[in-house]
Amino acid sequence: ASAPDSAVLGGSYDESFMAKVVYDKCAMHLPLYRQAEQLRSLGLDIPRQTLSRIYMQSADVLFPLWRLMKERIIESGIIFTDDTPVNMLEKGRGKTRTGRMWAYVGGGKSPPYRVFEFTVDRSKKRPKKFLENFRGYIHADAYKGYDDLFARDGVRECACWMHARRKFVDANDAPPELRDEILRMIRHLYMYERFIWKTGPADMPTHERHELATRVRKEKTAPLIDRLFERTKQAILNREVLPGSAFDKAIAYMRNLGDALKTFTENPYLKPDNGESERAIRPLAIGRKNWLFAGCEKGGDATGILLSLVQTCRAMNVEPFAYLEDVLRRISSHPASRLEELLPDQWEKSGT
């Protein structure tokens, strides 16, 4: 009889075990040395180096799905992006250097794919390369490395009100009345958002919900933002704020973002902040406290690929272990022309 399909030709480990190694690290945040200890307690002596090889092989096998999710995000026209530091061990030097893990989350009508990419630095060329074919709206923080992206034709910046608000919250050197007034106006901005997305019947048709968003943002939110900018301008002109103070810097931060803080009022699929990508990198921040660093650049790349699939599954309420085990078992013989059937959202629909 023919040998059954396998993720790794001639591999010694079943796909269920490969899925367990990936799931334990990317979902349960167990570093490989702890997995090795756990397996030894069960009578299985599998070296950490072997677990590392299995982890890398799994990433190689699943890379086509990562690439396809990236293509779908680029096509979506709306992206949320953020990055977080990840240490990488420098071979032969016995110390680490700071790399970055970038998160890209699809918006608009596309499924909420979460694509992570590891890079050895935070150079502006990293997001510029990843998003070289993107046209549409980019939700991001005020990192200067994105400026070249926003300068392109067909790319619009959506600045983050959460970051702007945080500056005012942290500034304790302003007149209390002025600080409360500014924060109250930002709070009202979010009250309008809650009204848009939480009021009315839960089964309100999507097009009606978007019509409501368009109307409320035009009639209420946009004028509120204009008043907020005018109020901060008057505060500076009237010398209500001490020059060089934290509150002065908070105002400057907001005003430097300018119209980018108002972009979200143009399209009902846009959000007032970059919370989608910040929530996407939160599991990575937890995992980083456990496995501490990537062993090499290839290890960081593997984590980016595997974390993308695990966290996308979680975002779509797909059981990550079941998904990984099934896809690892099937992908080598699955027709390349129908690869999208193995994406987390399609796999769920198939009822596999």
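These legends describe close-up views of a predicted model. Local features need pLDDT of at least 70, side-chain atom pairs count only at pLDDT 80 or more, and totals for chains, interfaces and linings use all residues. Residues are numbered from 1 along each chain as its sequence is written, and side-chain values use heavy atoms, with hydrogens and water left out.

**View A. Helix H1 (residues 15-26) against H2.** The two axes come within 10 Å and cross at roughly 125°. Helices here are DSSP runs of H or I with at least four residues, numbered from the N terminus. Axes are lines fitted to C-alpha atoms over the stretch in contact, and angles run from 0 to 180 degrees between N-to-C directions. H1 and H2 are therefore oblique to each other. Angles under 35 degrees count as roughly parallel, over 145 as roughly antiparallel, 65 to 115 as roughly perpendicular and the rest as oblique. H1 passes H2 in a right-handed crossing; right-handed means that the near helix is turned clockwise from the far one by less than a right angle. From H1, Phe17, Lys20, Val21, Asp24 and Lys25 meet Leu32, Gln35, Gln38 and Leu39 of H2. Contact means heavy atoms within 4.5 Å. By class, this contact has four nonpolar, two polar and three charged residues. Ala, Val, Leu, Ile, Met, Phe, Trp, Tyr, Cys and Pro count as nonpolar, Asp, Glu, Lys and Arg as charged, and the others, Gly among them, as polar.

**View B. Helix H2 (residues 32-41) packed on helix H3 (residues 48-76).** Their axes lie 9 Å apart, at an angle of about 120°. H2 and H3 are therefore oblique. Their crossing is right-handed. Leu32, Tyr33, Gln35, Ala36 and Leu39 of H2 touch Arg48, Leu51 and Ser52 of H3. The contact has five nonpolar, two polar and one charged residues.

**View C. H7 beside helix H8 (residues 206-237).** The axes come within 9 Å and cross at roughly 175°. That makes H7 roughly antiparallel to H8. Their contact has 16 nonpolar, four polar and eight charged residues.

**View D. The second largest pocket.** About 290 Å³ of space lies here. A pocket is an open set of points on a 1 Å grid over the protein atoms alone, where a 1.4 Å probe fits, with protein on both sides within 12 Å along at least five of seven lines. Points are joined across faces, edges and corners, and the volume is the space filled by probe spheres set on them. Lining residues, with an atom within 4 Å of a point, include Tyr190, Trp197, Lys271 and Arg279. Helix H7 (176-198) and helix H10 (275-291) each give two or more residues. H7 gives the most, with five. The lining has three nonpolar, one polar and seven charged residues.
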